Amino acid sequence: MITLHYVATANGLKIAIALEEMALEYEVIDYPLFEGRHLTVEFRQLNPNCKLPVLVDKAPDFADEPVTIFESGAMLLYLAEKSGQFLPAGESPRWEVLKWLIWQVAGHGPMNGQAHHFLRYAPEGEDYGVTRYVREVVRLLNVLEYRLAEADYLGGSNYSIADMAAWPWVQASWLLDVDLASFPAVSRWSQVIAARPAVIRATSASATAIPTGNTQGRARLSDAQWSNMFGDNLHRAATLRRD
Ligand SMILES: N[C@@H](CCC(=O)N[C@@H](CS)C(=O)NCC(=O)O)C(=O)O
């Protein structure tokens, strides 16, 4: 049994999709986005970075003890290796998947995250951050367009963990007022993935679906919610020590 410590955002959804695709048994522990329930000494033992998602496999193939994995890219690799699916074994196809997976978690995800931050949370009237990061998201969509005009999926001809990583963030592009219709190959890829039964299950199950309030419109946070997301509570968590 796998426990998924979950937040209903694009990074969380990547892992829910992977678990559904791989037909692995799992339970979800939900951490509502603004509540800061993960900013604790206990949670820090799962992820020193105090971020979600985190996966705990109580029955790993290679150890008697539970294994804890943080970082969505590491989780996707772990699950692909555990299930033997969605990461080809051969050297060339494997590296195609790995380089697009790393591209997503190191650049595409963080840049989208910053664009969402400046649009939803930053003080209004400050355009620099919005312009910088939304423009960067558009640039990265052009990179995806280039790749997906030559290949059905990011890793080549087969759907893989690289697509599972990128798709939830691409889906969220409309929230940035970026029209995917300008990227025909990305649109085609996005629609094909959206129609997969595992993706439909992950995006619609009550435990893992992304609520409107997590993504849409300008966020109106209470002082406590702001502190959990960006302020003192968040930063204090990085100084918590084990007892
Ligand atoms: N690089 C990390 C990003 C994790 C991350 O930023 N998680 C966000 C949700 S998408 C989070 O935990 N937000 C709540 C918080 O920072 O308190 C990954 O890919 O797993």
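**Loop, pockets and a helix pair in a predicted model**

P53 is located in the loop that joins helix 2 (41-46) to strand 3 (54-57); helices (H or I, at least four residues) and strands (E, at least two) are DSSP runs, numbered from the N terminus. This is a predicted model, in which local features need pLDDT of at least 70 and side-chain atom pairs count only at pLDDT 80 or more, while totals for chains, interfaces and linings use all residues. Residues are numbered from 1 along each chain as its sequence is written, and side-chain values use heavy atoms, with hydrogens and water left out.

The peptide bond leading from L52 to P53 is cis, with omega near 0°. C50 also lies in the loop between helix 2 and strand 3. Although C50 is not a glycine, its phi is positive, at about 50°.

Attention now turns to empty space. Rolling a probe the size of a water molecule over the atoms shows where such space is left. On a 1 Å grid over the protein atoms alone, a pocket is an open set of points where a 1.4 Å probe fits, with protein on both sides within 12 Å along at least five of seven lines; lining residues have an atom within 4 Å of a point. Grid points are joined across faces, edges and corners, and a volume is the space filled by probe spheres set on the points.

The largest pocket has a volume of about 1,300 Å³. It is lined by 46 residues, of which T9, A10, N11, G113 and W169 are the closest to its centre. Helix 1 (10-21), helix 4 (91-120), helix 6 (161-171) and helix 9 (223-229) each contribute at least two residues to this lining, and helix 4 gives the largest share, nine residues. At least three lining residues come from each of domain 1 (2-85 + 200-237) and domain 2 (91-196), the bounds being those of an automatic or database domain assignment. By class, the lining holds 23 nonpolar, 19 polar and four charged residues (Ala, Val, Leu, Ile, Met, Phe, Trp, Tyr, Cys and Pro count as nonpolar, Asp, Glu, Lys and Arg as charged, and the others, Gly among them, as polar).
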